[in-house]
Amino acid sequence: MAYSVPDLNYAYDALEPHISEATMRVHHDKHHQAYVDKANAALDATEWEGIKPIKLLPRLDELPEEIRETVRNNAGGYYNHNIFFRSMAPAGEGGGGEPAGKLLNAIKDTFRTFEVFKETMEAAAMSTFGSGWAWLVHDGSRVLIVTTTNQDNPITDGLTPLLGVDVWEHAYYLDYENRRADYVKAWFEVVNWEVVAKRYADAPVPDVSHILQRPVSISGTQRVFGELTLDDARTQSAELGALAGWGPMAKVGSIARAWGELAKNLEGRGAATVADLEPPMIKQAALDLWIIAPERGMI
Ligand SMILES: [Fe+2]
């Protein structure tokens, strides 16, 4: 089935004063529609027709050369704008404010504070020369900010887009003329963090089920890694810490510190057991504790 422009979840004027009705009408009804029409025309009657952009964009190099650039720009434009329009809501009615829960934790793990994240996103949006996008993405273990030019999407590089700000002039020129920085600041007032959090929750993460089942000896008792608690981690940290510096156990100091780090993460996340932590964090802890072996290329 050919692509079509999804309806907005809000009225054209609902994002005012941050983004005007005039901008929304031309952006959604004209620009987004144009990407859809051109993508459909290029893919019509080919074996690629109707394949969703999320499957199509990572395989652009397999497309016939004569349609590759058109598809890249227009299926990309279609996909990017789907993400963009779905990521906004009227200020105070789902839009603006700060994320919460696991998404906020992930943002703080990378950027330290939400404010630093915003500043970095604004700087990324300003750094894009010409037309493009700044993105918050998930790389399988953490969140990062990347930029793309034209209508490229991070999915082509194996990253999961969580949030994207459109910095093509058509996104802001009617409202902000050449003041892109003012537009990006205003756009934050209408970001729908609930939608972004859902994308974060759905992003592919490492399968840690086998790690959670690994046996671990705590004070002489055989346990399973996933069931360990804050007290267990503190006990291990203290017991191994006391052995640090003892010649025959060369790695004990770093492993004691890794147990301390795990205790800090369990406490910081309010997690009852290791299994309640985010999978990337579980995997990192298991590596640092030598519960699983490093993968090829990691040492
Ligand atoms: Fe756009």
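Tryptophan 290 belongs to the segment after helix H12, and its phi is positive, about 60°, although the residue is not a glycine. The model in which these values were computed is a predicted one.

The overall architecture may be taken next. The protein chain contains 12 helices and 5 strands. Its C-alpha trace extends over about 70 × 45 × 30 Å along the principal axes. Of the 299 residues in the protein chain, 34% are buried. Among contacts between residues at least 6 apart in sequence, 64% connect residues at least 24 apart.

The description of the strands begins with an open sheet. This sheet has 3 strands in the order S2-S1-S3, and the pairing is antiparallel. Strand S2 (143-149) and S3 each have a single partner strand and stand at the edges, so one side of each is left without a neighbour in the sheet. From one strand to the next the twist averages 25°. Strands of a sheet pair through backbone hydrogen bonds, in either a parallel or an antiparallel manner. Strand S1 (residues 132-138) and S3 run antiparallel and are joined by 6 bridges.

Serine 87 is placed in the loop between helix H3 (65-86) and helix H4 (101-111). Is serine 87 buried or exposed? Serine 87 counts as buried, because it has 23 C-beta neighbours inside 10 Å and the cut-off for burial is 20 or more. The C-alpha atom of serine 87 is separated by 7.5 Å from that of tryptophan 193, a residue 106 places away along the chain.

The remaining strands to be considered form a hairpin. Strand S4 (residues 215-218) and strand S5 (residues 221-224) run antiparallel, joined by 4 bridges. Isoleucine 218 is paired by a bridge with threonine 221 in S5. The hairpin has 2 residues between the strands, and serine 219 there takes a positive phi near 50°. Most residues other than glycine have a negative phi, and most peptide bonds are trans. Serine 219, in the loop between S4 and S5, is exposed, since 9 other C-beta atoms lie within 10 Å. A further backbone feature is found at proline 17, where the peptide bond from glutamate 16 is cis, with omega near 5°. Proline 17 is in the segment before helix H1 (21-43).

Two packed helices are described by the angle between their axes and the distance between the axes. The axes of helix H10 (residues 230-243) and helix H11 (residues 252-269) come within 8 Å and cross at roughly 160°. Because an angle over 145 degrees counts as roughly antiparallel, H10 and H11 are roughly antiparallel to each other. Their crossing is left-handed. H10 contributes residues including Leu230, Ala233, Leu240 and Leu243 to the contact, while those of H11 include Val252, Ile255, Trp259 and Leu266. By class, this contact of H10 with H11 comprises 11 nonpolar, 4 polar and 2 charged residues.

H11 also packs against helix H12 (residues 279-288), at an angle of about 160° and with the axes 9 Å apart. H11 is therefore roughly antiparallel to H12. The crossing of H11 and H12 is left-handed. In this contact Ala258, Glu261, Leu262 and Asn265 of H11 meet Met281, Ala285 and Asp288 of H12. These residues divide into 4 nonpolar, 1 polar and 2 charged. Leu262 of H11 is also among the residues in the contact with H10.

Notes:
Residues numbered from 1 in each chain as written. Predicted model: local features only at pLDDT ≥ 70, side-chain atom pairs only at ≥ 80, totals over all residues. Axes fitted to C-alpha atoms, helices over the stretch in contact; angles between N-to-C directions. Parallel < 35°, antiparallel > 145°, perpendicular 65-115°, else oblique. Left-handed = near helix turned anticlockwise from the far one by under 90°. Contact = placed C-beta atoms within 7 Å. Nonpolar A, V, L, I, M, F, W, Y, C, P; charged D, E, K, R; others polar. Pairing = 2+ DSSP bridges. Buried ≥ 20, exposed ≤ 12 C-beta atoms within 10 Å, placed from the backbone.
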